[in-house]
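Please read it alongside the model.

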Amino acid sequence: MGKGRSFWGMLDESDRAALRSVATKVDFAPKKVICHQGDRSRNVLVVRQGRVRVTRTAITGEESVLAVRGPGEIVGEFSAIDGGARAAALIAVDRVYGLMIKGQALKDLCHARPSIAWALLCVVVSRQRATSDQQDLRTGPALYRVGAVLLNLAHREEDDMIATVPLSQRELAGIVGISRETLVRTLKVLRDEKIIVTRRNDIKILHEDELRALCGI
């Protein structure tokens with residue numbers, strides 16, 4: 001969510017207790033589909049532990065990773081607000097524990113507790129800005145584009161520390177719009193500067209400020 005706090009992190013304890021009172025505790029195994037693109041469900045999920053991958057499949061069948069949501073973040077908020085079909089699928093990256101809240105219950109709480117409504121609005125605005133930023137990522141130097149995508153897709157813990165981006169290099173290259181070879185060279189630059197650590201299916205960001213400075217973000 002950029003530099004802002006997570007949805008859960010913006011709430012005080014009384015708001016959190018109110019959400020817990022209407023929520024159902026859920027858990028999902030790794031790779032479990034939480035909801036499919038096109039579903040008509042209006043539930044929202046507040047992630048308490050684990051990571052959720054947000055993916056969208058185009059008419060051509062090509063699947064794109066839109067975001068990765070981690071502890072403290074809310075997912076499924078658009079359908080809960082407007083009642084429309086799910087614009088993306090939600091898939092558990094690892095074991096996910098969370099609070100599932102019905103759309104109507106969330107609406108009632110937003111009326112009764114404006115601070116919850118404000119936190120939800122902040123989330124929607126932040127994600128809309130991130131979407132607009134991603135549209136500009138097809139231009140500019142590879143280092144800038146890779147750094148920007150890593151920051152957009154990294155999930156944050158409740159204390160706002162960046163954790164990992166659970167993507168393979170093939171997936172990351174596709175999102176950025178560069179060749180695999182160019183991505184490998186770019187990631188090597190970031191590794192040599194001790195800014196990231198790469199593993200088989202994820203990338204860990206060690207120093208956000210240094211990543212922003214080096215990539216010109």
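## Overall make-up

Contact here means heavy atoms within 4.5 Å. Residues 24 or more positions apart account for 70% of the chain's contacts with a separation of 6 or more. The model is predicted: local features need pLDDT of at least 70, side-chain atom pairs count only at pLDDT 80 or more, and totals for chains, interfaces and linings use all residues. Residues are numbered from 1 along each chain as its sequence is written, and side-chain values use heavy atoms, with hydrogens and water left out.

The chain has eight helices and 11 strands. These are DSSP runs, numbered from the N terminus: helices are H or I with at least four residues, strands E with at least two. Of the 217 residues, 46% count as buried. Buried means under 20% relative accessible area, exposed over 50%, partly exposed in between (1.4 Å probe, protein chains only).

## Helices H5 and H8

Helix H5 spans residues 142-153, helix H8 residues 208-215. They pack at an angle of about 150°, with their axes 9 Å apart. That makes H5 roughly antiparallel to H8. Axes are lines fitted to C-alpha atoms, for helices over the stretch in contact, and angles run from 0 to 180 degrees between N-to-C directions. An angle over 145 degrees counts as roughly antiparallel.

From H5, the contact takes in Leu143, Tyr144, Gly147 and Leu151. From H8 come Glu208, Leu211, Arg212, Leu214 and Cys215. The contact residues divide into six nonpolar, one polar and two charged. In this count Ala, Val, Leu, Ile, Met, Phe, Trp, Tyr, Cys and Pro are nonpolar, Asp, Glu, Lys and Arg charged, and the others, Gly among them, polar.

Which residues of H8 are buried? They are Glu208, Leu211, Arg212 and Cys215. Seen down the axis of H8, these fall within an arc of 95°, so they line one face of the helix. The arc is that of the directions from the helix axis to the C-beta atoms. The buried residues pack against H5, helix H7 (180-192) and strand E11 (203-205).

The face turned away from the buried side of H8 carries the exposed residues Asp209 and Ala213. Gly216 follows H8, with a positive phi near 70°.

## Val149 in H5

Val149 lies in helix H5. Val149 is buried, with a relative accessible area of 3%. Val149 and Val176 are 27 residues apart in sequence. In space they are 6.8 Å apart, C-alpha to C-alpha.

How values were computed:
Parallel < 35°, antiparallel > 145°, perpendicular 65-115°, else oblique.
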